[in-house]
Every structure is written in structure tokens, then in C-alpha cells.
Amino acid sequence: MRTLIKLSLAAIAATAALSTSAQQGPLKVGLMLPNSGTFAALGDNIEKGFRLYVGEQGGKLAGREIQYFKVDDESDPAKATDNVNKLIKRDNVDVLVGTVHSGVALAMARAAKESNTLLIVPNAGADGITGAQCAPNIFRSSFSNWQPGFATGVVAAQKGYKRAMTITWNYAAGTETVKGFTEAFEKGGGKVVKDLSLPFPNVEFQALLTEIAAQKPDVVFAFFAGGGAVKFVKDYDAAGLRKTVPLMGSGFLTDGTLEAQGAAAQGLITTLHYADDIDTPRNNAFRKAFALAYKANADVYAVQGYDAAQLLAAGLNAVGGNLGKRTEMLYAMGKTVVGSPRGKFAMSTSHNPVQDFYIREAKGNYNVVTGIAVKALADPGRGCKM
Ligand code: BEZ
């Protein structure tokens, strides 16, 4: 009898929650991602991953339909504030999801903080977002720039390399990733002898490659991604450097790019919080669903988009889709453990994933796991006061 009463009460509560979420109307999600430029493919896969998770929940999160609003941010920081305000002020979105480029994301974080709009960052690693600019309404489903840089520095030092050169684009993602690499590499007994850079999104690498050939370091550490990574890896190989000076990088150097890089990328060692062949039921199911839905292979960007939706769902489920219960929702997002295709991860106190970093080797069209660089690596969250 008591069980029957309990069941009826639960059914009444569930029906009430459902009708409340239906009354609330659709949840407005503002996707601010690059649909053009060197990071276009990255933005595309983030959106596909996000929509895949929502689709798996029947197109609703916590009973609420999802309505999408989109802005192409072109990975252009100069347009970022205007672009994000289209979503916040014109479209009145409930949650912002974006973006790929660190400089654009920093402007999004400022606008989100000022307007108190919930922001989930599905890629951009700008350290400040979960560091000095952290806020209760800002979360990341990806990584901080420091994390993959640091993890690669650990591996490079373990390999016994002593003299390294770094090369990257001269903006937050490049400089902060190099800083993370340098911190771990020098702690492990190596020395970074020279940092090389060029403006984002330039791909005229020739003069810098000539300098690497002249200096002959033990290893080169590179941060590039998307179209720029394809060109860099091909140019490095064409300059004859792949066989003489080992090239390492954070995994963005070879993620989502291997088909285009072909033979030039084979054997490259990188570290990242994802690898294609993580052999778990969760990753296998995700990759199968992604391939079925989009006739393409998933990559780290797809995973981060999928997990941005999971993170949002965790918050919404805790409050029955009622955004009015904001404190409870944000609390639930901070405390959730995300069942990601990369492996389960928790949030740090500054809202950045605490996650394993894999050592990967490029083989054919896949980045395959060869080991763990650092387990449960937490960003230090420097400057975050929450
Ligand atoms: C960034 O700008 O933070 C970024 C862009 C592409 C890949 C990884 C990081």
C-alpha cells in the first residue's frame, strides 16, 4: 500500500514537472561558433555534437524543446562583442554556447558576466575564462590552454629531450599553451631555447621553419588547429624536418585533420583529453551514433559539443527545466560528473574539466592512444575567486 502511494506521488510529481516545463516554452540556445575561416570545421563539429546529444534525448532537455539561434563569429575577436550581443540582447537567449577561438571567447565571457547569461564554452581554452575571469554562470566542457600544453611538456621531458623550440600563432591559445608546455618541460629538466610565432591566422611558415632547421633543437612543440594545422604539418614535412627534428604538439595539431594531412602527419605524437580509439562502451556508442547521423568520424570538437549539451542537461534536470531556480541549477552543473566519450570528468571549483590527458600517435586517419600523459589533470585556476 505504502509503495503504491509512493509511486502515485512520484507519478504526480513527474506529471507536474513535465507540464511545468511545457508551460515554460522552448529553451533558447544561442550557438556562437565559427562557420567560416580556419576554424569552420571545428565549429561545425561542435554544433553536430551538441545536436546529437539533444537528439538522443528526443529533441528536449528536461522536458523543454530546444530552439537554436546562430551567429557565425568568424573567429574574429574584433566582432565578438557585437556578435554575442545579437544573441543576448536581440534574441534573448537562455544560454550561450561558444566558441572555438580564445580571443572571441574572452569577449563572450565578459558579456556573459555583465548580463548574467549562462555560458558554456565548448572549446576555447583561454586560461582566464576559468581563471581570473571565472564566474558562477560560466562553465567549460573542453580544457584550459594550460592543460594540453602542460601534459605535452611532461611527455617531452620524459622522452629525454633537452632543448626545445616552440611555434604557434601569437594569440591567447598559442601563448598560453606554450606557457603550459614550458612550465612542465623545464620542471622535467629541459629548456625552451626559442619561441617562434606568427599572427593568427597566418600560414606563411617558411621563414620560421628555416630558423628551426638552423637551430636544430631536440624537439619542436607546436600549437595550431584546423586549416592552419593542416598547412603547418605539411610544410614541416616538406621542409624535410619531420625526419630530423621530432615534432610534438597539443592534440589539436592532428585532430580532425589527419585525412587532409595524409602522410605528413603519420607518427606524430600529441597529447589531448581525447583519442579516437578509446575503447569504452561510451566512446564506441558515441562514435557510432555520430557516424550514423553525419556520415563522418567524430573528433575532439564533436565530443566537447556533445558534453556541453550533457552539462546543460545536468543543470536543467536538477531543476525540472525551470531556469528560475538558477542557484540550484548552477550548483548542479558544478557538481555533476559528465559521462563523456573521453572518460568521466568532474568540474574544478573554477568550472573547468578535471580530466585525463592521453598520449596519442597519428596512425592512418586516427589518433590512437599509446599511454596516459597525466591522470586527472586540473587547471590551477589561477586568479579565480568564486
Ligand atoms: C583556442 O583559440 O582556444 C583554440 C582554437 C582551436 C583549438 C584549440 C584552442
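Predicted model: local features only at pLDDT ≥ 70, side-chain atom pairs only at ≥ 80, totals over all residues.
**View 1. Helix α3 has a buried side and an exposed side.**
Helix α3 covers residues 80-90. Its buried residues are A80, N83, V84, L87 and I88. They lie on the same side of α3, because they cover an arc of only 130 degrees around the axis. An α-helix has 3.6 residues a turn, so residues three or four places apart point the same way. On the other side of α3 are D82, K89 and R90, which are exposed. The buried residues of α3 pack against three strands, β1 (27-33), β3 (64-72) and β4 (95-97). They also pack against a helix, α4 (102-115). After α3 comes N92. The phi of N92 is positive, near 55 degrees.

**View 2. S142 is a buried loop residue.**
S142 sits in the loop between β6 (138-140) and α5 (146-158). Its relative accessibility is 0%. Buried means under 20%, so S142 counts as buried. The side chain of S142 reaches the backbone oxygen of N123 at 2.8 Å. N123 is also one of the residues that S142 touches, once residues up to four places away in sequence are set aside. V121, P122 and A124 are among the others. The list also includes H273, Q304, R342, P353 and Q355.

**View 3. G364 is partly exposed in a loop between two strands.**
The strands on either side of this loop are β14 (353-363) and β15 (366-377). G364 has a relative accessible area of 37%. A265 is 99 residues from G364 along the chain. The C-alpha atoms of G364 and A265 are separated by 8.8 Å. Neighbours within four places in sequence aside, G364 is in contact with L258 and Q266.

**View 4. Helices α11 and α12 pack at an angle of about 135 degrees.**
Helix α11 spans residues 300-318, and helix α12 spans residues 326-335. Their axes are 8 Å apart. The angle of about 135 degrees makes α11 oblique to α12. Their crossing is right-handed. From α11, the residues that meet α12 are L311, L312, A314, G315, L316 and A318. Their partners in α12 are M329, A332 and M333.

Key. Residues numbered from 1 in each chain as written. Heavy atoms only, no water. Buried < 20%, exposed > 50% of the residue type's maximum accessible area, 1.4 Å probe, protein only. Helix = DSSP H or I, 4+ residues; strand = E, 2+ residues; numbered from the N terminus. Arc of directions from axis to C-beta. Contact = heavy atoms within 4.5 Å. Polar contact = N/O pair within 3.5 Å; in protein donor to acceptor, adjacent residues only side chain to side chain. Axes fitted to C-alpha atoms, helices over the stretch in contact; angles between N-to-C directions. Parallel < 35°, antiparallel > 145°, perpendicular 65-115°, else oblique. Left-handed = near helix turned anticlockwise from the far one by under 90°.
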